[in-house]
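Thank you all for coming. I would like to walk you through one structure this morning, so please have the sequence and the model in view while I talk.

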Amino acid sequence: MSLLSDLVNMNLSDSTEKVIAEYIWVGGSGLDMRSKARTLSGPVSDPSKLPKWNYDGSSTGQAPGEDSEVILYPQAIFRDPFRRGNNILVMCDTYTPSGEPIPTNKRCNAAKIFNHPDVLAEELWFGIEQEYTLLQKDVKWPVGWPVGGFPGPQGPYYCGVGADKAWGRDIVDSHYKACLYAGINISGINGEVMPGQWEFQVGPSVGISAGDELWIARYILERITEIAGVVLSFDPKPIQGDWNGAGAHTNYSTKSMRSEGGYEVIKKAIEKLGLRHKEHISAYGEGNERRLTGRHETADINTFVWGVANRGASIRVGRDTERAGKGYFEDRRPASNMDPYVVTSMIAETTILWKP
């Protein structure tokens with residue numbers, strides 16, 4: 001095993017200028033991630049300088065067998081925390097050979113929205129709070145929980161410390177450091193209300209980069225849990241009953257919201273979000289109806305309500321924002337399995353481009 005470990009951790013820069021690029025994309029379910037690696041002749045820092053690539057879309061549920069080729073377009077580069085050195089992770093989106101985005105490519109449409117002049121002028125900031133649950137591999141039950149049984153009720157676990165409260169911290173801290181190494185703007189982590197559930201935050205990130213960074217952060221977490229022999233779940237309600245679900249609260253502000261008089265801009269934006277509540281809910285993740293019940297710090301899925309410091313609201317405005325008269329708000333509706341390209345671009349479209 002020591003030889004294997006030595007080979008895994010080998011520093012290639014000592015012997016070659018070649019580097020390994022791991023191309024990463026979203027799979028056919030719209031939730032799964034896929035990746036494969038290729039050798040480059042030397043270091044690359046600009047995604048436009050990377051070659052396009054292809055894969056068998058019939059094996060990922062993204063193309064028929066008789067016309068299976070899907071093309072990968074490199075879009076963003078991150079440092080590889082697993083191979084290190086000059087090796088890179090590459091976030092890609094997916095196209096047909098004729099250059100049309102395939103149905104699971106949500107980045108293409110998001111980029112069009114974020115590149116609209118009215119949106120660019122507002123310098124959008126996003127901060128996404130990604131919740132997730134760690135499961136025991138063979139039984140698909142949360143780590144630390146007795147198999148087939150339950151721990152004590154919720155209360156001591158949120159931001160908890162101790163062997164009887166915090167399970168999986170080694171994975172969480174490894175992920176935190178790996179994201180920082182990769183160049184992801186990860187801003188924090190914490191244990192969540194349900195034991196075995198954790199959260200990391202990405203942002204503030206500008207425009208399309210919020211989606212790129214969250215998908216790569218998810219990929220890194222999948223790889224770490226793979227090494228640890230633990231199953232990663234983004235299910236919005238992994239355990240039924242009196243247990244909190246998992247969301248991806250999305251914090252948002254525009255240049256106008258951050259400027260004097262921004263609180264009025266925030267209120268107008270929230271009003272527009274309320275008018276399109278059903279459309280947003282339909283795009284905010286699978287199985288969200290199991291989470292948005294009006295209990296466990298959520299608003300009912302069929303109800304739109306906003307408030308200051310109200311964690312039972314659809315949209316929460318912080319006390320600091322109210323006091324300052326400017327700032328940001330939090331959309332608490334997105335599920336943990338949401339597509340960040342869809343959610344961030346839809347918020348931008350509704351609040352800036354949509355005319356009621």
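The side chain of T104 makes a polar contact with the side chain of Q62 at 2.8 Å, where a polar contact is a pair of N or O atoms within 3.5 Å, one able to donate a hydrogen and the other to accept it within protein, and where residues adjacent in sequence count only if both atoms are side-chain atoms. This is a predicted model, in which local features need pLDDT of at least 70 and side-chain atom pairs count only at pLDDT 80 or more, while totals for chains, interfaces and linings use all residues. Residues are numbered from 1 along each chain as its sequence is written, and side-chain values use heavy atoms, with hydrogens and water left out.

T104 is found in the loop between β5 (88-95) and α2 (107-114); helices (H or I, at least four residues) and strands (E, at least two) are DSSP runs, numbered from the N terminus. With a relative accessibility of 19%, T104 counts as buried, since buried means under 20% relative accessible area, exposed over 50% and partly exposed in between, with a 1.4 Å probe and protein chains only. Leaving aside residues up to four places away in sequence, T104 touches G27, G28, Q62 and T94, contact being heavy atoms within 4.5 Å.

Let me turn to the sheet. Five strands form an open sheet with mixed pairing, in the order β2-β1-β5-β4-β3, and two strands pair if DSSP finds at least two bridges between them. At the edges are β2 (33-40) and β3 (53-56), each of which pairs on one side only. Between β3 and β4 (residues 69-79), which run antiparallel, there are four bridges, and D56 stands opposite E69 in β4.

Now to the charged pairs. How many salt bridges does a search of the whole structure find? The search finds 17, a salt bridge being a side-chain nitrogen of Lys or Arg within 4 Å of a carboxyl oxygen of Asp or Glu.

One of them joins E123 and K255, whose closest N and O atoms are 3.9 Å apart. E123 lies in the loop between α3 (117-120) and β6 (125-136), and K255 in helix α6 (residues 255-258), so this pair ties together parts that are 132 residues apart in sequence. E123 is partly exposed at 37%, and K255 is partly exposed at 41%.

In another, the side chains of D242 and R295 meet at 3.4 Å, N to O. D242 sits in the loop between β9 (230-233) and β10 (248-253) and R295 in the loop between α8 (277-283) and β11 (306-308), so parts 53 residues apart in sequence are tied together. D242 counts as exposed at 51%, whereas R295 counts as partly exposed at 48%.

Finally, the cysteines. A disulfide is a pair of cysteine sulfur atoms within 2.5 Å, and by this rule the count comes to zero. The sulfur of C108 is 14 Å from the closest cysteine sulfur, in C92, which is too far for a bond; likewise, the sulfur of C159 is 18 Å from the closest one, in C179, again too far for a bond. C108 counts as buried at 14%, while C159 counts as partly exposed at 43%.
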